[in-house]
Amino acid sequence: MWLINNGDTNLDWNKNDMYINGGKIAYFLSCLITEYWEFEEAKAIYFSMLDSSEDYSDEELNKQLLELKYEIIDQFHFLMNMLIYGRISLDFLKGWDLKEEFLRSKEYESNSEDKSICTFMSSLGEYLNKFPYKTWKKQRYTQEQLNTLPNEIEKYVVNILRSFFNFVQYWIEDEKEFWSLYYTKNLENIERQNNNNKGYIK
(Lines give C-alpha, C1' and ligand atoms only; values in the text may rest on other atoms or scores of the structure.)
Protein backbone atom coordinates (compact mmCIF):
# COMPACT_ATOMS: atom_id res chain seq x y z
CA MET A 1 0.00 0.00 0.00
CA TRP A 2 1.33 3.41 -0.97
CA LEU A 3 1.30 5.62 2.12
CA ILE A 4 3.79 8.45 1.62
CA ASN A 5 4.61 10.92 -1.10
CA ASN A 6 8.19 10.74 -2.33
CA GLY A 7 7.86 13.70 -4.66
CA ASP A 8 4.95 13.04 -7.01
CA THR A 9 1.98 15.13 -5.94
CA ASN A 10 -0.07 13.77 -8.85
CA LEU A 11 -0.46 10.33 -7.29
CA ASP A 12 -4.03 9.79 -6.13
CA TRP A 13 -5.17 9.19 -2.58
CA ASN A 14 -7.72 6.53 -1.95
CA LYS A 15 -10.00 6.48 1.06
CA ASN A 16 -8.25 3.54 2.67
CA ASP A 17 -4.89 5.35 2.50
CA MET A 18 -6.56 8.44 3.90
CA TYR A 19 -7.77 6.67 7.03
CA ILE A 20 -4.49 4.82 7.59
CA ASN A 21 -2.44 7.99 7.20
CA GLY A 22 -4.80 10.04 9.35
CA GLY A 23 -4.29 7.55 12.15
CA LYS A 24 -0.51 7.65 11.69
CA ILE A 25 -0.50 11.46 11.83
CA ALA A 26 -2.55 11.42 15.04
CA TYR A 27 -0.12 8.88 16.54
CA PHE A 28 2.97 10.92 15.69
CA LEU A 29 1.31 14.07 16.99
CA SER A 30 0.82 12.35 20.34
CA CYS A 31 4.52 11.38 20.30
CA LEU A 32 5.50 14.98 19.52
CA ILE A 33 3.40 16.33 22.39
CA THR A 34 5.06 13.86 24.75
CA GLU A 35 8.49 15.05 23.57
CA TYR A 36 7.37 18.62 24.16
CA TRP A 37 6.46 17.71 27.74
CA GLU A 38 9.94 16.17 28.13
CA PHE A 39 11.42 19.42 26.80
CA GLU A 40 9.52 21.40 29.43
CA GLU A 41 10.72 18.99 32.09
CA ALA A 42 14.35 19.36 30.94
CA LYS A 43 13.95 23.15 30.81
CA ALA A 44 12.61 23.24 34.38
CA ILE A 45 15.59 21.22 35.57
CA TYR A 46 17.98 23.52 33.72
CA PHE A 47 16.52 26.68 35.26
CA SER A 48 16.41 25.11 38.70
CA MET A 49 20.12 24.35 38.33
CA LEU A 50 20.81 27.96 37.36
CA ASP A 51 18.83 29.26 40.34
CA SER A 52 20.15 26.71 42.82
CA SER A 53 22.42 27.59 45.68
CA GLU A 54 24.50 24.60 44.67
CA ASP A 55 27.56 25.39 42.61
CA TYR A 56 26.91 23.45 39.40
CA SER A 57 29.86 23.28 37.05
CA ASP A 58 29.69 24.57 33.48
CA GLU A 59 29.98 20.97 32.34
CA GLU A 60 26.90 19.96 34.33
CA LEU A 61 24.89 22.95 33.09
CA ASN A 62 25.91 22.37 29.48
CA LYS A 63 24.98 18.70 29.74
CA GLN A 64 21.48 19.60 30.91
CA LEU A 65 21.17 22.27 28.24
CA LEU A 66 22.15 19.70 25.61
CA GLU A 67 19.48 17.34 26.91
CA LEU A 68 16.94 20.17 26.56
CA LYS A 69 18.00 20.77 22.95
CA TYR A 70 17.82 17.08 22.14
CA GLU A 71 14.19 17.09 23.23
CA ILE A 72 13.58 19.74 20.56
CA ILE A 73 15.24 17.51 17.97
CA ASP A 74 13.03 14.62 19.05
CA GLN A 75 10.00 16.82 18.40
CA PHE A 76 11.36 17.54 14.93
CA HIS A 77 11.70 13.80 14.22
CA PHE A 78 8.02 13.21 14.96
CA LEU A 79 7.02 16.37 13.12
CA MET A 80 8.70 15.07 9.97
CA ASN A 81 6.79 11.80 10.32
CA MET A 82 3.55 13.75 10.54
CA LEU A 83 4.35 15.68 7.37
CA ILE A 84 5.50 12.64 5.42
CA TYR A 85 2.36 10.69 6.27
CA GLY A 86 0.39 13.74 5.18
CA ARG A 87 2.05 13.14 1.81
CA ILE A 88 3.73 16.48 1.63
CA SER A 89 6.16 16.40 -1.27
CA LEU A 90 9.70 15.58 -0.17
CA ASP A 91 10.81 18.06 -2.83
CA PHE A 92 8.91 20.71 -0.89
CA LEU A 93 10.71 19.79 2.32
CA LYS A 94 14.10 19.64 0.61
CA GLY A 95 13.50 23.14 -0.73
CA TRP A 96 12.96 24.57 2.75
CA ASP A 97 15.79 27.02 3.51
CA LEU A 98 16.63 26.47 7.15
CA LYS A 99 19.21 29.25 7.26
CA GLU A 100 16.66 31.77 6.04
CA GLU A 101 14.11 30.38 8.49
CA PHE A 102 16.38 31.07 11.46
CA LEU A 103 17.10 34.58 10.19
CA ARG A 104 13.38 35.24 9.69
CA SER A 105 12.53 33.93 13.17
CA LYS A 106 15.10 36.16 14.87
CA GLU A 107 13.67 39.21 13.09
CA TYR A 108 10.12 38.45 14.22
CA GLU A 109 10.05 41.13 16.91
CA SER A 110 6.54 40.54 18.24
CA ASN A 111 7.34 36.94 18.98
CA SER A 112 7.72 35.24 22.35
CA GLU A 113 8.56 31.65 23.19
CA ASP A 114 5.15 30.98 24.76
CA LYS A 115 3.33 32.53 21.81
CA SER A 116 5.42 30.50 19.37
CA ILE A 117 4.59 27.28 21.20
CA CYS A 118 0.87 28.07 21.24
CA THR A 119 0.93 28.89 17.52
CA PHE A 120 2.91 25.72 16.79
CA MET A 121 0.49 23.47 18.66
CA SER A 122 -2.50 25.17 17.06
CA SER A 123 -1.04 24.70 13.57
CA LEU A 124 -0.49 21.00 14.27
CA GLY A 125 -4.12 20.61 15.25
CA GLU A 126 -5.24 22.46 12.13
CA TYR A 127 -3.11 20.12 10.00
CA LEU A 128 -4.37 16.94 11.66
CA ASN A 129 -7.97 18.10 11.24
CA LYS A 130 -7.55 17.84 7.46
CA PHE A 131 -7.37 14.06 7.81
CA PRO A 132 -9.99 11.51 8.94
CA TYR A 133 -8.28 10.44 12.15
CA LYS A 134 -11.58 10.10 14.06
CA THR A 135 -12.30 6.42 13.47
CA TRP A 136 -15.56 6.72 15.40
CA LYS A 137 -16.92 9.39 13.06
CA LYS A 138 -18.12 9.04 9.48
CA GLN A 139 -16.18 11.43 7.30
CA ARG A 140 -16.82 11.82 3.61
CA TYR A 141 -14.33 12.87 1.00
CA THR A 142 -14.87 12.92 -2.73
CA GLN A 143 -12.05 11.54 -4.85
CA GLU A 144 -11.52 15.05 -6.21
CA GLN A 145 -11.00 16.39 -2.67
CA LEU A 146 -8.57 13.58 -1.93
CA ASN A 147 -6.56 14.24 -5.08
CA THR A 148 -6.11 17.97 -4.32
CA LEU A 149 -5.23 17.46 -0.66
CA PRO A 150 -1.40 17.21 -1.03
CA ASN A 151 -1.24 20.63 -2.65
CA GLU A 152 -3.80 22.13 -0.25
CA ILE A 153 -1.90 21.12 2.87
CA GLU A 154 1.30 22.90 1.82
CA LYS A 155 -0.02 26.15 3.34
CA TYR A 156 -0.57 24.33 6.64
CA VAL A 157 2.96 22.91 6.50
CA VAL A 158 4.39 26.41 6.02
CA ASN A 159 2.57 27.57 9.17
CA ILE A 160 3.82 24.53 11.11
CA LEU A 161 7.46 24.93 10.11
CA ARG A 162 7.52 28.67 10.71
CA SER A 163 5.93 28.46 14.14
CA PHE A 164 8.19 25.54 15.07
CA PHE A 165 11.36 27.45 14.22
CA ASN A 166 10.03 30.56 15.93
CA PHE A 167 10.11 28.40 19.05
CA VAL A 168 13.40 26.64 18.22
CA GLN A 169 15.41 29.83 17.78
CA TYR A 170 15.09 30.61 21.51
CA TRP A 171 17.29 27.60 22.27
CA ILE A 172 19.26 26.78 19.14
CA GLU A 173 21.48 29.47 17.64
CA ASP A 174 21.32 28.76 13.92
CA GLU A 175 20.89 26.10 11.24
CA LYS A 176 24.44 24.80 11.74
CA GLU A 177 23.82 24.03 15.38
CA PHE A 178 20.42 22.56 14.54
CA TRP A 179 21.82 20.10 11.99
CA SER A 180 24.72 19.23 14.29
CA LEU A 181 22.25 18.36 17.05
CA TYR A 182 20.08 16.47 14.58
CA TYR A 183 23.05 14.42 13.38
CA THR A 184 24.38 13.57 16.84
CA LYS A 185 20.89 12.70 18.17
CA ASN A 186 20.38 10.33 15.25
CA LEU A 187 23.69 8.65 16.02
CA GLU A 188 22.55 8.24 19.62
CA ASN A 189 19.23 6.73 18.50
CA ILE A 190 20.98 4.30 16.14
CA GLU A 191 23.34 3.25 18.93
CA ARG A 192 20.36 2.62 21.21
CA GLN A 193 18.72 0.48 18.51
CA ASN A 194 21.91 -1.54 18.06
CA ASN A 195 22.31 -2.03 21.80
CA ASN A 196 19.55 -4.14 23.28
CA ASN A 197 20.44 -2.95 26.75
CA LYS A 198 19.22 0.56 25.86
CA GLY A 199 15.61 -0.57 25.53
CA TYR A 200 15.15 0.37 21.87
CA ILE A 201 14.04 -1.99 19.09
CA LYS A 202 14.96 -1.91 15.41
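The following is a conversation about a predicted model of a protein chain.

Reader: Before we start, what kind of model is this, and how are residues numbered?

Author: This is a predicted model, in which local features need pLDDT of at least 70, side-chain atom pairs count only at pLDDT 80 or more, and totals for chains, interfaces and linings use all residues. Residues are numbered from 1 along each chain as its sequence is written, and side-chain values use heavy atoms, with hydrogens and water left out.

Reader: How many helices and strands are there?

Author: The protein chain has 8 helices and 0 strands. Helices (H or I, at least four residues) and strands (E, at least two) are DSSP runs, numbered from the N terminus.

Reader: What share of the residues is buried?

Author: Of the 202 residues in the protein chain, 40% are buried. Buried means under 20% relative accessible area, exposed over 50%, and partly exposed in between (1.4 Å probe, protein chains only).

Reader: Let us turn to H2. How many residues does it have, and how far does it reach?

Author: Helix H2 covers residues 58–85, which is 28 residues, and reaches 41 Å from its first C-alpha to its last. That is close to the 40 Å expected at 1.5 Å a residue, where the expected span is 1.5 Å times one less than the number of residues.

Reader: At what angle do H2 and H7 pack?

Author: H2 and helix H7 (residues 154–168) pack at an angle of about 180°, with their axes 12 Å apart. The two helices, H2 and H7, are therefore roughly antiparallel to each other. The label applies to angles over 145 degrees, while those under 35 count as roughly parallel, 65 to 115 as roughly perpendicular and the rest as oblique.

Reader: Which residues make that contact?

Author: Among them are Phe-76, Leu-79 and Leu-83 of H2, and Ile-160, Leu-161 and Phe-164 of H7. Contact means heavy atoms within 4.5 Å. By class, the contact of H2 with H7 has 12 nonpolar, 1 polar and no charged residues.

Reader: And how do H2 and H8 pack?

Author: Their angle is about 85°, with the axes of H2 and H8 9 Å apart. H2 and H8 are therefore roughly perpendicular to each other. Their contact includes Tyr-70, Asp-74 and His-77 of H2 and Phe-178, Trp-179 and Lys-185 of H8. By class, the contact of H2 with H8 has 8 nonpolar, 4 polar and 5 charged residues.

Reader: Which residues have the most contacts inside the largest nonpolar core?

Author: They are Leu-79, Leu-83, Tyr-127, Phe-164 and Phe-178, in a core of 46 residues. H2 gives the most to this core, with 12 residues.

Reader: What does Leu-79 touch?

Author: Not counting residues up to four places away in sequence, Leu-79 touches Leu-32, Phe-120, Leu-124, Ile-160, Leu-161 and Phe-164.

Reader: A change of topic: is Lys-43 buried or exposed?

Author: Lys-43, in helix H1, is buried, with a relative accessible area of 11%. Lys-43 touches Leu-68, Glu-113 and Trp-171, not counting residues up to four places away in sequence.

Reader: What about Glu-126?

Author: Glu-126 is found in helix H5 and is partly exposed, with a relative accessible area of 40%. Leaving out residues up to four places away in sequence, Glu-126 touches Tyr-156 and Asn-159.

How values were computed. Axes fitted to C-alpha atoms, helices over the stretch in contact; angles between N-to-C directions. Nonpolar A, V, L, I, M, F, W, Y, C, P; charged D, E, K, R; others polar. Core = buried A, V, L, I, M, F, W, Y, C linked by side-chain atoms within 4.5 Å.
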